[in-house]
Amino acid sequence: MNIHTYEKVWLVAAMVLIVGFIGTIAYGSTGVGIAMISDDEETIDPNALDEDERFADPRVEEVGENEYEVYVVAYQYGFDPGSEHITEPIVVPENSEVTFYVTSEDVIHSFSLVGTNVNTMVVPGEVSTMTAEFDEPAEYGILCNEYCGSGHHSMEGMLYVVPEDEFDIDDQEDESEGDRDEADQNNGESAGEDE
Ligand code: CUA
C-alpha cells in the first residue's frame with residue numbers, strides 16, 4: 001500500500017498533537033499541585049450550625065497580629081456576614097492576612113470575591129477554607145455563582161478593606177446580630193413577586 005507523503009506527514013502531526021494533548025492534561029492534573037477537595041476534612045451538620053462554635057455567631061475574628069479569621073454562613077439568599085442590606089458587610093483592615101471559613105446552611109452556593117482569586121463552592125456539611133492578603137483599602141463584591149434557587153441573582157455581599165486606623169474589631173462584634181431568618185422570609189416574598 002502506498003501512502004502519499006503529505007498524508008504521512010499529517011498522520012504523524014496528528015499523532016504528535018494527540019500525545020501532546022494527553023501530556024498537557026496529565027501534567028495539569030498531577031504536576032501543578034491542583035487537588036480535589038479532600039475527603040478527610042471534618043464535616044459539620046448544616047442543620048445544627050447554631051451549635052457550632054465557629055458558625056453559631058458568624059463573624060470576623062482577630063487571631064494574631066494582622067491575622068484575621070472570617071466565619072461566613074451562606075444561605076438562600078445571602079452571606080452572613082457579607083450581605084450588607086440583610087446582615088452586615090465583612091470589614092477587615094488593610095495589611096491583613098484573612099482566612100475565610102465558609103459553610104452553607106441549606107443548598108450549594110459559592111463564595112467569590114470579585115477581582116481576587118478567592119472563589120470556592122460552598123457545600124452544606126463542608127467548610128471551605130481560603131486565605132487571602134489585603135494590602136490596601138479596597139471594596140470587593142461577594143457573589144454566589146452556583147445557581148441556588150429563585151433568589152440566586154440577588155445573592156451578593158460586600159467586603160470592605162479599610163485603613164488600619166478606621167478598623168475596630170469591637171464594632172463588628174457588637175453588630176454581629178445577623179437576622180438571617182427574618183431575611184429569609186423577606187427574600188422569599190420578593191423572589192415570589194419577581195416571578
Ligand atoms: Cu447562592 Cu446562588
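Which residues is E133 in contact with, leaving aside its neighbours within four places in sequence? E133 is in contact with S96 and E97, contact meaning heavy atoms within 4.5 Å.

The model is predicted: local features need pLDDT of at least 70, side-chain atom pairs count only at pLDDT 80 or more, and totals for chains, interfaces and linings use all residues. Residues are numbered from 1 along each chain as its sequence is written, and side-chain values use heavy atoms, with hydrogens and water left out.

**Figure 1. Overview of the protein chain.** The chain holds 3 helices and 10 strands, in the order α-β-β-β-β-β-β-β-β-β-β-α-α along the sequence. Helices (H or I, at least four residues) and strands (E, at least two) are DSSP runs, numbered from the N terminus. Of the 195 residues, 38% count as buried; buried means under 20% relative accessible area, exposed over 50%, and partly exposed in between (1.4 Å probe, protein chains only). Among contacts with a separation of 6 or more, 64% join residues 24 or more positions apart. The accessible surface comes to about 11900 Å², and 50% of that belongs to carbon and sulfur atoms. Accessible areas come from the Shrake-Rupley method with a 1.4 Å probe; for residues, only the protein chains shown count as cover.

Figure 2. E133 is placed in strand 8 and counts as exposed because its relative accessibility is 57%. V98 is 35 residues from E133 along the chain, yet their C-alpha atoms are separated by 6.1 Å. On the surface, E67, E97, E133, D135 and E136 gather in a patch of negative charge. Patches are made of residues with over 30% relative accessible area and no salt bridge; like charges are joined within 9 Å. Asp and Glu count as negative, and the place of a charge is taken as CG of Asp or CD of Glu. E136 lies in the loop between strand 8 (128-134) and strand 9 (138-143), and at 60% relative accessibility E136 counts as exposed.

**Figure 3. Surroundings of I44.** I44 is found in the loop between helix 1 (5-30) and strand 1 (59-64). The residue counts as buried because its relative accessibility is 12%. Not counting residues up to four places away in sequence, I44 touches L49, D52, R54, F55, T103, G125 and V127. E126 is 82 residues from I44 in sequence and 6.2 Å away in space, C-alpha to C-alpha.

**Figure 4. Salt bridges.** A search of the whole structure finds 2 salt bridges, each defined as a side-chain nitrogen of Lys or Arg within 4 Å of a carboxyl oxygen of Asp or Glu. D52 pairs with R54, with the closest N and O atoms 3.5 Å apart. D52 counts as buried at 15% relative accessibility, whereas R54 counts as partly exposed at 24%. E61 forms a salt bridge with R59, where the closest N and O atoms are 2.7 Å apart. E61 is partly exposed, with a relative accessible area of 24%, and R59 counts as buried at 13%.

**Figure 5. Backbone geometry in the loops.** A cis peptide bond joins Q76 and Y77, with omega about 5 degrees; Y77 sits in the loop between strand 2 (67-75) and strand 3 (78-80). The bond from D80 to P81 is also cis, with omega near -5 degrees, and P81 is found in the loop between strand 3 and strand 4 (90-93). N66, in the loop between strand 1 and strand 2, has a positive phi near 60 degrees. N95, in the loop between strand 4 and strand 5 (96-104), has a positive phi of about 55 degrees although it is not a glycine.

Notes:
Patch = residues over 30% accessible without salt bridge, like charges linked within 9 Å, V, L, I, M, F, W, Y side chains within 5 Å.
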